[in-house]
Amino acid sequence: MHVDKIIKNAQVFQTPTRTFTKQNVAIKGDKFYYISSADLNQLSSEVIIDAENQYMIPGLLDIHMHIESSMTTPTIFSEAVMRYGVTTVVADAHEMANVFGLEGLKHFMAAKTKLDIFHAIPSSVPSTTPELETTGGVIGLQEVKELLKDPRVICLGEAMNFKGIAYEPDSLIAEIIALCKKERPTMPLEGHIPKIYDQELADFLYSGITSDHTHQFPEHLLEKIQAGLFIQFQNKSITPENMAVINEHQLYDFACIITDDVMADDLLKGHLNENLKKAVASGLPMEQAIYMTTYTPARRMSLNDRGMIAPGRMADFILLDDLADFAIAAVYKSGQQVYQEGDAFHHPEVVEAFPAEYQRSVRCRQLTPDDLQLKIQTDKEIVRCNVIQKQVIGTFTQPIVKEIPVANGVLDLEAADCSLLLVMERYGINGNIAYALMDQPIKSKGAIATTWAHDHHNLMVMGNDQASILAAQHKLLEMQGGYVVVEAGKVTATCPLPIGGILSQAPISELGQDLQQVRSAMQALGYENMNEIMSFSTLSLPVSPAIKVTDKGMMDTKNQTFYPLVFPEDGVLINEAAD
């Protein structure tokens with residue numbers, strides 16, 4: 001019999017036993033045909049690859065991720081990640097949907113890629129409700145019905161609205177979940193479940209959601225898994241303490257490793273493979289790490305044609321020169337080599353064609369000096385204000401109270417060591433401007449601005465210097481979106497994202513370099529976090545604990561109520577009242 005390809009003498013990963021054995025592998029078309037430790041003399045092929053001293057494992061599957069987090073488009077993303085052994089992803093394009101609705105999502109899904117891209121229904125567009133944040137698009141019941149007809153859609157994307165899911169049966173998210181359960185009873189329902197435990201966790205899971213990818217903590221990890229959750233470990237949750245819980249209780253079948261978000265500059269260095277290596281460095285055995293990036297994610301999504309090297313499965317695989325270092329020698333997708341060690345980043349000759357108006361989507365006015373004067377009506381010399389305090393690790397924030405002097409009817413932010421944060425509605429819908437204060441987020445005079453503001457992607461600018469705030473916001477409008485960093489009134493870094501204010505079609509090497517310069521410029525201002533870009537961009541995410549900002553104001557994200565900037569008994573912020 002003739003086959004298309006034979007891989008000889010490879011140490012092949014055995015998924016059921018999670019061991020390696022020396023075998024020969026025959027490939028017909030895009031699938032594995034026959035795997036045996038015996039010589040395959042009965043088979044003929046023009047392509048015979050001797051993989052002596054190499055390890056052969058299935059292609060990696062990333063079942064919870066957002067292509068938009070890499071700030072590039074599907075065709076460019078596909079070329080970038082296959083070099084890291086990633087052959088299948090399940091993309092939740094809720095960032096694109098928040099900006100352009102179902103139409104934008106369809107443009108995204110139409111991309112032609114070598115990488116297999118399945119899709120999640122964006123369940124949270126907006127992440128809360130239109131009353132709490134303004135977005136460019138909404139995914140409601142009619143949009144969900146249409147998406148459920150598409151075979152490329154295989155799960156409901158991360159459901160975030162805790163209050164709506166657990167306690168409001170008439171909420172849009174509750175109705176979306178009910179519709180999915182009716183139309184696709186066995187389809188996975190993915191969850192975003194930060195810091196919810198005990199009976200509140202039960203209230204959330206009673207909806208039918210069965211996974212969580214948020215920041216995990218060892219003291220609650222076993223509780224979550226015993227409650228029926230499939231855990232998806234993103235980078236910040238891959239810790240020695242969490243891996244110890246998985247190892248101690250042999251929970252390998254109840255979890256997988258994902259990326260969630262990989263920024264463009266990090267994409268120059270790796271993708272899911274880096275999280276796999278981090279898990280091993282944190283104590284997870286290599287064989288279990290491979291299992292949790294191939295088979296358990298495939299099984300979770302019912303992708304039963306991949307995730308292991310066996311007859312009839314997709315011939316997606318990686319050849320490793322060194323197992324301990326996870327040193328990739330070559331990557332094959334559907335039986336065809338798509339990467340060989342040493343290959344440079346490849347920018348596709350043809351990229352997606354988005355409508356021209358997608359590059360003219362940031363529609364808000366330029367800020368003026370008067371906008372930045374927080375005028376207050378009060379008879380007090382010092383007033384109490386609600387202020388956001390960010391963390392150095394992760395994206396959580398907490399509310400604190402600071403006393404801020406009043407000078408000539410204006411809050412003296414510099415005296416209180418606070419920065420001003422504004423979120424401006426940018427879709428031309430209502431012109432909202434929300435004001436918030438942050439406790440010492442930067443040390444030098446400057447400002448940071450972006451339209452990549454989770455998940456509503458309105459324009460967000462933060463700074464402690466009026467000239468810098470104005471320069472950052474004006475430059476961002478000129479660029480039609482992206483990131484801008486300004487120090488002492490001078491622009492020090494930019495990363496243009498002209499497609500919807502969230503995407504670029506520049507080569508990954510160029511885009512990654514731009515974003516790295518933004519990161520370095522933020523560090524130079526003194527912005528501290530393990531991931532500066534993500535930390536800043538999630539200051540606007542109203543489903544992330546505990547206090548965030550939309551164009552409607554500063555929100556208590558659990559109770560979905562708004563904090564006044566100034567305590568009402570101390571005074572009234574005139575800017576806030578005007579808006």
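Which residues does Asn161 touch, not counting residues up to four places away in sequence? The first legend below has the answer. This is a predicted model, where local features need pLDDT of at least 70, side-chain atom pairs count only at pLDDT 80 or more, and totals for chains, interfaces and linings use all residues. Residues are numbered from 1 along each chain as its sequence is written, and side-chain values use heavy atoms, with hydrogens and water left out.

**Close-up 1. Asn161 and its contacts.** Asn161 sits in the loop between strand 9 (153–159) and helix 4 (162–167). Helices (H or I, at least four residues) and strands (E, at least two) are DSSP runs, numbered from the N terminus. Leaving aside residues up to four places away in sequence, Asn161 touches Ser127, Thr128, Thr129, Ile173 and Gln560; contact here means heavy atoms within 4.5 Å. Asn161 is buried, with a relative accessible area of 4% (buried means under 20% relative accessible area, exposed over 50%, partly exposed in between, using a 1.4 Å probe and protein chains only). Leu422 is 261 residues away from Asn161 along the chain, and their C-alpha atoms are separated by 23 Å.

**Close-up 2. Gln560 and the sheet around its loop.** One of the contacts of Asn161, Gln560, lies in the loop between strand 28 and strand 29. Gln560 is buried too, at 14% relative accessible area. Its phi is near 55 degrees, a positive value in a residue other than glycine. The strands here belong to an open sheet of three, in the order 27-28-29, with antiparallel pairing; two strands pair if DSSP finds at least two bridges between them. Strand 27 (547–550) and strand 29 (561–563) stand at the edges with a single partner strand each, so one side of each has no neighbour in the sheet. On average, neighbouring strands of this sheet are turned by 45 degrees against each other, direction ignored (axes are lines fitted to C-alpha atoms, for helices over the stretch in contact, and angles run from 0 to 180 degrees between N-to-C directions). Four bridges hold the antiparallel pairing of strand 27 with strand 28 (residues 553–556), and Ile547 stands opposite Asp556 in strand 28.

**Close-up 3. Strand 22, covered on both faces.** Why does strand 22 (residues 433–439) count as largely enclosed by the rest of the structure? Because seven of its seven residues are buried. In a regular strand the side chains alternate between the two faces of the sheet. On one side of strand 22 are Ile433, Tyr435, Leu437 and Asp439, on the other Ala434, Ala436 and Met438, and all are buried. Strand 21 (residues 418–424) runs antiparallel to strand 22, joined by seven bridges. Ser419 has Met438 in strand 22 as its bridge partner.

**Close-up 4. The largest pocket.** Rolling a probe the size of a water molecule over the atoms shows where empty space is left. The largest pocket holds about 830 Å³ of space. Its lining takes in 41 residues, of which Gln234, Asn235, Asp261, Asn531 and Met534 lie nearest its centre. Helix 2 (94–109), helix 10 (272–281) and helix 14 (532–537) are the elements that give two or more residues to that lining. For the method: on a 1 Å grid over the protein atoms alone, a pocket is an open set of points where a 1.4 Å probe fits, with protein on both sides within 12 Å along at least five of seven lines, and lining residues have an atom within 4 Å of a point. Grid points are joined across faces, edges and corners, and a volume is the space filled by probe spheres set on the points.

Close-up 5. A cis peptide bond joins Val125 and Pro126, with omega about 5 degrees. Pro126 is found in the loop between strand 8 (116–121) and helix 3 (141–148). The bond from His454 to Asp455 is cis as well, with omega near -25 degrees, and Asp455 belongs to the loop between strand 23 (446–450) and strand 24 (459–463). Asp198 has a positive phi of about 55 degrees although it is not a glycine. Asp198 is in helix 6 (residues 198–205), and at 59% relative accessibility it counts as exposed.

**Close-up 6. Gln359 in its loop.** Gln359 lies between strand 16 (336–340) and strand 17 (376–377), in the loop. Buried, exposed or partly exposed: which is Gln359? At 42% relative accessibility, Gln359 counts as partly exposed. Gln359 touches Gln480, Pro498 and Ile499, not counting residues up to four places away in sequence.
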